[in-house]
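Subject: Structure handover

Hello,

Please find the structure below. My notes on its pockets and helix packing follow.

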Amino acid sequence: MHDNCARPGEESDWRHKIIAPVNIHHLELFYHVAKHGGISEAVRRMPYGIQQPAVSGQILKLEEDLGLKLFQRRPFALTPAGRELFEFVEPFFGRVEETGTRLRGEASERLRLAGPSAVLRDHLPSLLEQYRRAFPRLRLSLHVANQAAAESMLRKQQIDLAIIELEGRPAGLRCRALLKLPLYLLVPQSRRLRSASELWKADEIADPLISLPANETITKLFREGLRDLSINWPTSVEVSALDLIPAFVRAGFGIGLSVLAPGEKAPGKIRRVALPNFPPLVIAALWQGKLSEVAEGFLEIIKTHSRELQSA
């Protein structure tokens, strides 16, 4: 007669053996078999399709890995070890669907964005306020990041969407250019400079240059344009933010490097001098794979906002 009783200590043997590698899918199949009272019933009621022979084979493999009999087939009955194993795995597998539903619901109301501080500060608040009307329970997460940092966060799935100053097309990510902002020089009204070519004609540029640090995208683009002209013009006054540059230009510290935002007027007592043939600053959206509904909707708002700015 087949003995369904556990050997002394059998109930705890599987806990020791499960420390060894056990296929998590086999445990999931066992959970469904134990929950529904047999293999055939489990196959009919499981949330995904699988053939009965496959379930039987994988349950046998689980029993082989554990060195234990987990249930009697006909009539179905869990062994003491099977009952203990079911009590162990049930809290996890029993809540997978519920947890997945809850997480999907939370994700549908979550928007994680990254971008330069100027973009987050000057453009996103009004757009997000408009978007929040459609998603009143919207939860926001904002991160200051350049392109390299944003790419890393996207690949680690730490953010949904990035609005960045584009330095080069990223590999493996989706990219949409939003705005192209031309570079300009800011000069005091008293400085009789009508075109940048007047500077390039000189053997050495005497005017001090006021610009952002060398690692900023605007400065990199400017240096690229200077290299094409074989011009050397080192920075004399380095500032951490674009909005500081006009103040130093007005105070007579030199000529400033900036960009022309759509609709932006020249600061008082300052003139703009164009930089033809210099690469523009490109503002772009980056994302990975398929966007969530909330992220895709916000991207459409950003695209519309960008078109409006470009045509202003």
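The largest pocket has a lining of 46 residues, and A118, V119, D122, E165 and L242 are the ones nearest its centre. On a 1 Å grid over the protein atoms alone, a pocket is an open set of points where a 1.4 Å probe fits, with protein on both sides within 12 Å along at least five of seven lines, and lining residues have an atom within 4 Å of a point.

This is a predicted model, in which local features need pLDDT of at least 70 and side-chain atom pairs count only at pLDDT 80 or more, while totals for chains, interfaces and linings use all residues. Residues are numbered from 1 along each chain as its sequence is written, and side-chain values use heavy atoms, with hydrogens and water left out.

Pockets

The volume of the largest pocket is about 1,200 Å³ (the space filled by probe spheres set on the grid points, which are joined across faces, edges and corners). Helix α7 (residues 117–122) supplies the largest share of the lining, five residues. Helices are DSSP runs of H or I with at least four residues, numbered from the N terminus. The lining of this pocket divides into 26 nonpolar, 10 polar and 10 charged residues (Ala, Val, Leu, Ile, Met, Phe, Trp, Tyr, Cys and Pro count as nonpolar, Asp, Glu, Lys and Arg as charged, and the others, Gly among them, as polar).

The second largest pocket holds about 260 Å³. Its lining has 12 residues, with R112, I159, D160, Q288 and K290 nearest the centre. By class, five are nonpolar, three polar and four charged.

Helix packing

Helix α8 (residues 124–132) and helix α13 (residues 293–311) cross at roughly 125 degrees, and their axes come within 11 Å. Axes are lines fitted to C-alpha atoms, for helices over the stretch in contact, and angles run from 0 to 180 degrees between N-to-C directions. The angle makes α8 oblique to α13 (65 to 115 degrees counts as roughly perpendicular, under 35 as roughly parallel, over 145 as roughly antiparallel, and the rest as oblique). On the α8 side the contact (heavy atoms within 4.5 Å) is made by L124, L127, L128, Q130 and Y131, and on the α13 side by E293, V294, G297, F298, I301, I302 and H305. Eight of these residues are nonpolar, three polar and one charged.

Helix α2 (residues 24–36) packs on helix α4 (residues 52–66) at about 110 degrees, with the axes 9 Å apart. That makes α2 roughly perpendicular to α4.

Regards

Conventions:
Helices (H or I, at least four residues) and strands (E, at least two) are DSSP runs, numbered from the N terminus.
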